[in-house]
Amino acid sequence: MAAKKSAISIRALSKKYGKLCAVDKISLEIPEGEVFALLGPNGAGKTTTLSMLCGLLEPSAGSASVAGFDVEKQALAVRQSIGVVFQQPSVDDLLSGKENLEMHALLYGVPADGRKERIEYMLKLVGLSERQNSNVKEYSGGMRRRLEIARGLMHHPKVLFLDEPTVGLDPQTRSHIWKYIHEMPKREGTTIVFTTHYLEEAEQFADRVAIIDHGKVLAVGKPSDLVAQLGGDTVVLGTADQKTLMKMMKRMKFAKNVRLENGKVCASISDLHQNLPKLLRTAKSVNSIEIRPATLNEVFIKYTGANIREDSAEGGFWERMMSRNK
Amino acid sequence: MSNMSYFESVYAIWMREIKVFFREKERVVSAIITPLMWIFAFGGGLGASVAISGVNYQQFIFPGILSMAVLFGSIFYGMYIIWDRKLDFLKAVLVAPVPRSAVFLGKMLGGMSDVLVQVTGLLVIGLVFSFVPSVAMALLAICAAMLVAMCMVSLGLVIGANMKSPEGFNLVMSFVMWPMFLSSGALFPLRNLPWYLDIIVNLNPLSYGVDLFQFCLLGTTQRGILLDVLVLIGFSAVFIAVGTKAFEKMQV
């Protein structure tokens, strides 16, 4: 890992809106070729961070470089090296899929020689060849996303940013989209940074994850390492006498992170199948038991104190459009 | 960035605006219908009892209504940026490795083209109903329309770039568009005006556009076309400079 060059390095990057600190001194190093996830609830500062990295938003403090270029001082060079897929649809409704790509090929200076072939290749890659001449207005949500991904990758960017690439899509389309995101850049050696509030996406597709909340990075690492750090599956015990139970559990070697959660005693237990019977033999007053397997969700709860799903009610753009039309 | 790719970027944005304009049929239709109502309903009604400087009233206001079409078309066009901004379309353009001046230029040319299409449509109708005396005069008016449109579209883009939400739309209507239209001499000759109106008329760039159109279509001018052209170029230069700056500063 250390031998690899950094595709992105972020140093104490901050963004303030008046008194509100949307991004609070974030520092990260992302090596070339990595698939990196920014995981956090809505409003955690993920999109703001991404906007600053793309040069769309001026940082209040700190600095960042993308593909070796400073995002403030060398904005044009940064923009030349990146592809971006935004959270809200950004392809033009009234243009066809092909016309959208043609326009962006011109904007990104894709050489005239081979431009047509590149557009055709990208359309084929995301499976839109047959619908290339229909207006995007007639595309489904998943097709739009695929078109945006094609657009983001068309000019061989060194870094691809994706902001909530699958929000508002049905599970089948989501796995489809991931197929494209995951396979294509690997082939071209692109570094990928995506934001998400779907834990399973981060767990499944990211080489490394940064957990972000309230503008701060709370933890960084491989999903499997982060989960391993929990020290086992989470056991939630209901009892009348919480103090005694907690005192007792804190003495047990296999129980880590013993705490109270909504009036119940909670701990991470290693080797659950062996240690749970031991625990229950010692603790006599338990009247309810719940087991939560060690997942990234548990990591998230550990660092933020909240379940990510609780405050993720705000859906994607399409969900909002749909509910408005009802 | 080479000159070649600079102009390719301008071309890409210009092309997009033209395609979008023609595909939004509602926009094309309403852009033509409103001026027609002014000419036939307002002009026809008032013209039944009023004639100005020897020409019938409808003929007199035709250049003014052309100016109105340019003004309203341009400012509305500029304010479409807000809608682009509501979606992430604008972001996708702003994140492209293109100088913002190219984005502004492409947008300006796009808006000018939209407006020129409307003006041409109106002139054809004007020829049919003989509000416009000859084809040569109509062609002259199209040349004038390019200059007026450049000025007004840049103004529209300045406004659009500085607006954050569509809520300001009505304010722009009340405080920019209607005052500019009503004090431009589009509907009445600029003679014997009260002193305060006189000042406003002289500060209003559209007055010079109206005068230029009147020269092209009626053969009369109150200020001289040299002054008209110079003032319009001057205002355009200022609006383009301010607009480019606004685009450069634009964040999302």
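## Strands and the sheet of chain A

Two strands pair if DSSP finds at least two bridges between them; helices (H or I, at least four residues) and strands (E, at least two) are DSSP runs, numbered from the N terminus. This is a predicted model, in which local features need pLDDT of at least 70, side-chain atom pairs count only at pLDDT 80 or more, and totals for chains, interfaces and linings use all residues. Residues are numbered from 1 along each chain as its sequence is written, while chains are lettered from A and ligands numbered from 1 in the order in which they are written.

Let's start with chain A, where an open, antiparallel sheet of four strands runs in the order β2-β1-β4-β5. Its edges are β2 (20-31) and β5 (69-70), each pairing on one side only. Eight antiparallel bridges link β1 (residues 6-17) with β2 of chain A, and Leu13(A) has Ile26(A) in β2(A) as its bridge partner.

## The largest nonpolar core

A nonpolar core is a set of buried Ala, Val, Leu, Ile, Met, Phe, Trp, Tyr and Cys residues joined through C-beta atoms within 7 Å. Buried means that 20 or more other C-beta atoms lie within 10 Å of a residue's own, with C-beta atoms placed from the backbone. The largest core has 145 residues, and Phe161(A), Leu66(B) and Val70(B) touch the most other members. Helix α3 (residues 57-86) of chain B gives the largest share, 17 residues.

## Helix α2 of chain B

Now for α2(B) (residues 25-47): Ala31(B), Pro35(B), Ile39(B) and Gly43(B) are buried there.

Technical notes:
Buried ≥ 20, exposed ≤ 12 C-beta atoms within 10 Å, placed from the backbone.
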